[in-house]
Amino acid sequence: MIDNHRLEAALETYLRTWGPLQWREDLLEPVADIGWVGQTFAALSMIEVDSMTMYRKIRTAGLDHDPRIRAFLFPWLAEEAEHGRALNALAVRYESPVVIRDRHDRRPTLRNSISWPSLAVLRPGWRQMQASYCVLGMVQEYVALITYKWLSNLVSGYAGACLLKAIARQEGRHMRFYREAAEVFLTIPGATSIARQGLKHLWNPVGIDAIGADTWWEAFGRLMVDEEFQRDFQEVDRILDCLPGMESLEIAGNFLVKNSGRLQAQSSKDARYSHPKAL
Ligand SMILES: [Fe+2]
Ligand SMILES: [Fe+2]
């Protein structure tokens with residue numbers, strides 16, 4: 001028996017605070033110095049818009065079976081769609097090139113492993129899978145949160161910075177709902193081991209599975225090589241440590257180790273690079 005009261009309280013907290021972003025495209029400042037960050041905004045816009053595909057997959061797999069998850073997903077989707085629109089507006093300000101998804105990326109990732117037919121197969125196990133979905137949601141929202149927080153310090157202009165901070169706050173609220181829901185669903189027998197296996201073998205930071213690894217590294221490589229950002233990124237592992245049965249997964253740390261070649265290449269690609277503030 002899951003803790004229904006806790007799940008309802010988490011939903012209530014989220015529904016009390018969700019809502020549209022306060023921003024206007026015409027108030028975003030013109031950008032004097034077109035740096036690399038425009039490409040990052042374009043990639044983020046694509047990743048945010050991809051939430052609609054994720055939503056369809058969630059429904060097909062029956063992961064929205066619980067009425068609290070279903071009630072969360074509608075406003076969540078509305079907020080993510082608005083993020084996509086706002087980030088596209090920022091990318092346009094930076095005259096960012098269009099990012100084309102690498103459609104031929106067929107490596108084993110959490111996303112690629114969840115094909116449409118396999119989603120229907122998952123349906124009978126929706127109780128256990130809901131825990132995996134919520135743990136993953138918590139982690140991805142956290143990565144989104146730190147990314148927007150960092151970008152708010154790099155963007156040109158006050159309106160742009162305020163917009164990114166507002167997006168970061170919404171990602172924080174998404175993360176908190178997912179964390180509460182994950183703690184509730186992880187108490188279901190069998191849920192912990194499925195979530196552990198999924199994260200350990202298939203996890204990638206948010207967006208890689210949607211836009212392809214090469215495009216992702218082009219867009220986020222400058223952030224990823226920054227040591228301070230890496231420290232925030234590795235907090236993923238500490239947050240997971242606090243969830244029952246999710247201790248010592250070290251997925252963020254392992255991701256950095258696995259991609260040390262890419263990180264090195266990124267550092268040497270731009271020898272002038274010392275800190276992301278140097279746009
Ligand atoms: Fe978002
Ligand atoms: Fe989010």
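In helix H2, the residues Val-37, Gly-38, Gln-39, Thr-40, Phe-41, Ala-42, Ala-43, Leu-44, Ser-45, Met-46, Ile-47 and Glu-48 are buried, a residue being counted as buried if 20 or more other C-beta atoms, placed from the backbone, lie within 10 Å of its own. The model is a predicted one, in which local features need pLDDT of at least 70 and side-chain atom pairs count only at pLDDT 80 or more, whereas totals for chains, interfaces and linings use all residues. Residues are numbered from 1 along each chain as its sequence is written, and chains are lettered from A and ligands numbered from 1 in the order in which they are written.

The secondary structure of the protein consists of 14 helices and 0 strands, where helices (H or I, at least four residues) and strands (E, at least two) are DSSP runs numbered from the N terminus. Of the 279 residues in the protein, 39% are buried. Among contacts between residues at least 6 apart in sequence, 85% join residues at least 24 apart, two residues being in contact if their C-beta atoms, placed from the backbone, lie within 7 Å.

Helix H2 (residues 37-49) reaches 19 Å from its first C-alpha to its last, close to the 18 Å expected for its 13 residues at 1.5 Å a residue, the expected span being 1.5 Å times one less than the number of residues. H2 is mostly covered, with 12 of its 13 residues buried, and the cover of these buried residues includes helix H3 (51-60), helix H4 (67-93), H7, helix H10 (208-211) and helix H11 (213-224).

The axes of H2 and H11, which are lines fitted to C-alpha atoms over the stretch in contact, with angles running from 0 to 180 degrees between N-to-C directions, come within 8 Å and cross at roughly 130°. H2 is therefore oblique to H11, given that angles under 35 degrees count as roughly parallel, over 145 as roughly antiparallel, 65 to 115 as roughly perpendicular and the rest as oblique. Gln-39, Thr-40 and Ala-43 in H2 meet Thr-215, Trp-216, Glu-218, Ala-219 and Phe-220 in H11.

Helix H7 (residues 126-154) and helix H9 (residues 191-202) have axes that come within 8 Å and cross at roughly 45°, so H7 is oblique to H9. On the H7 side, Gln-128, Met-129, Ala-131, Ser-132, Val-135 and Leu-136 meet Ala-191, Ile-194, Ala-195, Gly-198 and Leu-199 in H9.
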